[in-house]
Amino acid sequence: MMLYLVRHGDAVGADVNPERPLSREGRKDILKVAQYLKKNNIEIDCIWHSGKKRAIETAQLIAEALDRKELCEEHVGLNPNDDVEIMAEEINEVARIEDEREGLMVVGHLPLLEQLGSFLITGSASGQIIEFHAGGVACLHRDGQGKWSFAWGVYPEMINLT
């Protein structure tokens with residue numbers, strides 16, 4: 001199974017809008033990442049996102065680009081300081097039950113995503129194995145023995161679609 005950890009795009013400040021939707025630059029970056037994912041034939045079966053506006057918008061933009069709008073669902077436990085171990089258990093349970101699942105995308109926030117990636121790979125949330133830029137994607141792979149490894153990563157500044 002492939003797990004795509006996605007940090008939401010750049011958001012406006014709380015002083016501009018307390019809901020913190022994506023900024024114009026954040027939307028542009030997410031669209032670029034979404035086009036990259038589509039161009040590289042990334043297959044996903046489900047997109048979990050937090051209930052925060054910036055994560056919802058990020059998930060929806062990616063789902064729309066991949067023609068998978070129906071796959072987006074708000075998921076509890078994806079806020080910045082939620083319990084990493086609980087989320088890791090849920091992801092591992094999905095991976096065990098659904099061996100044929102192409103991929104699960106999780107759209108969330110820091111520090112949760114960095115801690116989750118570290119926990120899945122090393123068993124400890126304290127190390128920073130993956131650095132997330134706004135709009136960045138880290139792909140983890142789970143092998144047949146249930147071990148996670150880092151497969152690849154991309155962030156908007158890396159992508160040149162021309």
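The model is predicted: local features need pLDDT of at least 70, side-chain atom pairs count only at pLDDT 80 or more, and totals for chains, interfaces and linings use all residues. Residues are numbered from 1 along each chain as its sequence is written, and side-chain values use heavy atoms, with hydrogens and water left out.

**Stop 1: helix α2**

Select residues 53-65. This is α2, with 13 residues. Helices (H or I, at least four residues) and strands (E, at least two) are DSSP runs, numbered from the N terminus. From first C-alpha to last, α2 reaches 18 Å, close to the 18 Å expected at 1.5 Å a residue; the expected span is 1.5 Å times one less than the number of residues.

Now colour its buried residues (under 20% relative accessible area; exposed is over 50%, partly exposed in between; 1.4 Å probe, protein chains only). They include R54, A55, L61 and I62.

**Stop 2: salt bridges**

The count is 3 salt bridges, each a side-chain nitrogen of Lys or Arg within 4 Å of a carboxyl oxygen of Asp or Glu.

- K53 is partly exposed at 35%; E57 is buried at 14%.
- Step just past α2 to D67, which has a positive phi of about 55°. D67 pairs with K38, closest N and O atoms 3.0 Å apart. The pair links helix α1 to the loop between α2 and β3, 29 residues apart. D67 is exposed at 56%.
- Go to α3 (residues 84-97) for E93 and R96, 3 residues apart. Their closest N and O atoms are 3.0 Å apart.

**Stop 3: H109**

Select H109, in the loop between β4 (103-108) and α4 (112-122). Its relative accessible area is 1%, so H109 counts as buried. Its side chain makes a polar contact with the side chain of S50 at 2.6 Å (N or O atoms within 3.5 Å, one able to donate a hydrogen and the other to accept it; residues adjacent in sequence count only if both atoms are side-chain atoms). H109 also touches R54 and A55, among others, not counting residues up to four places away in sequence.

**Stop 4: the aromatic pair**

Finish with the 1 aromatic pair. Rings of Phe, Tyr and Trp (its six-membered ring) pair if their centres lie within 6.5 Å; planes under 30 degrees apart are stacked, over 60 edge-to-face, the rest tilted. Y4 and W152 have ring centres 6.0 Å apart and planes at 50°, so the pair is tilted. Y4 sits in β1 (residues 2-7) and W152 in β6 (residues 148-154), 148 residues apart. Y4 is buried at 4%, while W152 is partly exposed at 23%.

Key: Contact = heavy atoms within 4.5 Å.
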